[in-house]
Amino acid sequence: MTDYSFIDAEGLDSAAAYRLVVGCVVPRPIAWITTVDASGRVNAAPFSSYNYVATSPPMLAINIATRAGTDGEVKDTARNILESREFVVNVATEATMEVMHRSAADYPADVSETEALGIALLPSRRVKPPRIAASPVQMECRLDQAITLGRGVNTLYIGEIVAFHLSNTVFDGSRVDATKMRPVARLGGPYYAALGEIFERPMLQRPPGGEGWVKKG
């Protein structure tokens, strides 16, 4: 019989809850988000509380918490999204992991991470924020809604993907090859992870578009 530690989540403080959640919910994909502020300054920052939430139309959701140790101060990325209602999600890869990690530092609002770190950018087609050139997958998004969660520390930003930019190194015209993309994921604490071993199993229900579906008989 396995022994378990029981932790009652009712009344759990934010710091303890954070440690537990980010340790349990792994691996987490990373949204390396670019935004533009009112002065045209480009911000780039990674967020790992992120996933897709709809396919018709395609939509993403990113949870962005207020700054730790402040009285509800929003982060630059959140402020820019709320003001402009536009952002770009760039996929973080093994090749970009180091500079992506450095962009997570708490830069002052008047400092552009892309300028400070020498991150090359490409113009977007449907939104103002530029794309990160080194990322093989970039998704231009417009804010659909922002939902304040729980005690107000976290806000879920749901964006509609209005354009995809897919490098020919990972996209064959129909599907994105994750093994060629080599994304990195977030674990608890200071740890990241690569794809590692990949397991293949037959699809048991037909997904939208029939991706991976092979009908028997």
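**Surface, fold and local backbone features of the predicted chain**

The protein chain presents an accessible surface of about 13500 Å², and 53% of that area belongs to carbon and sulfur atoms. Accessible areas come from the Shrake-Rupley method with a 1.4 Å probe, and for residues only the protein chains shown count as cover. The model is predicted, with local features requiring pLDDT of at least 70 and side-chain atom pairs counting only at pLDDT 80 or more, whereas totals for chains, interfaces and linings use all residues. Residues are numbered from 1 along each chain as its sequence is written, and side-chain values use heavy atoms, with hydrogens and water left out.

Five helices and twelve strands are found in the protein chain; helices (H or I, at least four residues) and strands (E, at least two) are DSSP runs, numbered from the N terminus. The radius of gyration is 19 Å, close to the 17 Å given by the globule rule for 217 residues, so the protein chain is as compact as a globular protein of that length. This radius is taken over C-alpha atoms, and the globule rule is 2.2 Å times the number of residues to the power 0.38. The C-alpha trace spans about 60 × 55 × 30 Å along its principal axes. Of the 217 residues, 37% are buried, where buried means under 20% relative accessible area, exposed over 50%, and partly exposed in between (1.4 Å probe, protein chains only). Among contacts with a separation of 6 or more, 59% involve residues 24 or more positions apart; a contact means heavy atoms within 4.5 Å. The protein chain carries 22 positive and 24 negative side chains, and the centres of the two sets lie 7 Å apart. In this count Lys and Arg are positive and Asp and Glu negative, while His and the chain ends are not counted; the place of a charge is NZ of Lys, CZ of Arg, CG of Asp or CD of Glu.

Strand pairing was examined next, with two strands taken to pair if DSSP finds at least two bridges between them. Strand 4 (residues 50-55) pairs with strand 5 in the antiparallel sense over five bridges, and the two strands form a hairpin with two residues between them. Within this pairing, Tyr50 stands opposite Ile62 in strand 5. The loop between strand 4 and strand 5 contains Pro57, and the peptide bond from Ser56 to Pro57 is cis, with omega near 0°. Strand 5 also pairs with strand 10, in the antiparallel sense and over seven bridges. Here Leu60 faces Gly159 in strand 10, and Ala61 stands opposite Ile158. Six of the eight residues of strand 5 are buried, so this strand is largely enclosed by the rest of the structure.

Strand 10 is in turn joined to strand 9 by twelve bridges, the two strands running antiparallel. Val137 has Leu166 in strand 10 as its bridge partner. Four residues lie between the strands of this hairpin, in which Gly150 takes a positive phi near 55°.

A further open sheet of three strands has the order 1-11-12, with antiparallel pairing. Its edge strands are strand 1 (28-29) and strand 12 (192-193), each of which pairs on one side only. Strand 1 and strand 11 (residues 185-186) are linked by two bridges in the antiparallel sense, and Pro29 stands opposite Ala185 in strand 11.

The buried residues of helix 2 (residues 76-84) are Asp76, Thr77, Ala78, Asn80 and Ile81. Their cover includes strand 2 (31-36), strand 3 (42-47), strand 5 (58-65), strand 6, strand 9 (137-149) and strand 10 (154-166). Arg85, in the loop between helix 2 and strand 6, has a positive phi of about 60° although it is not a glycine. Arg85 is partly exposed, with a relative accessible area of 40%. Arg182 likewise is not a glycine and has a positive phi, of about 55°; Arg182 lies in the loop between helix 5 (178-181) and strand 11 and is partly exposed at 44% relative accessibility.

Thr96 is located in the loop between strand 6 (86-91) and helix 3 (97-102). Thr96 is buried, with a relative accessible area of 3%, and touches Trp32 and Ala134, not counting residues up to four places away in sequence.
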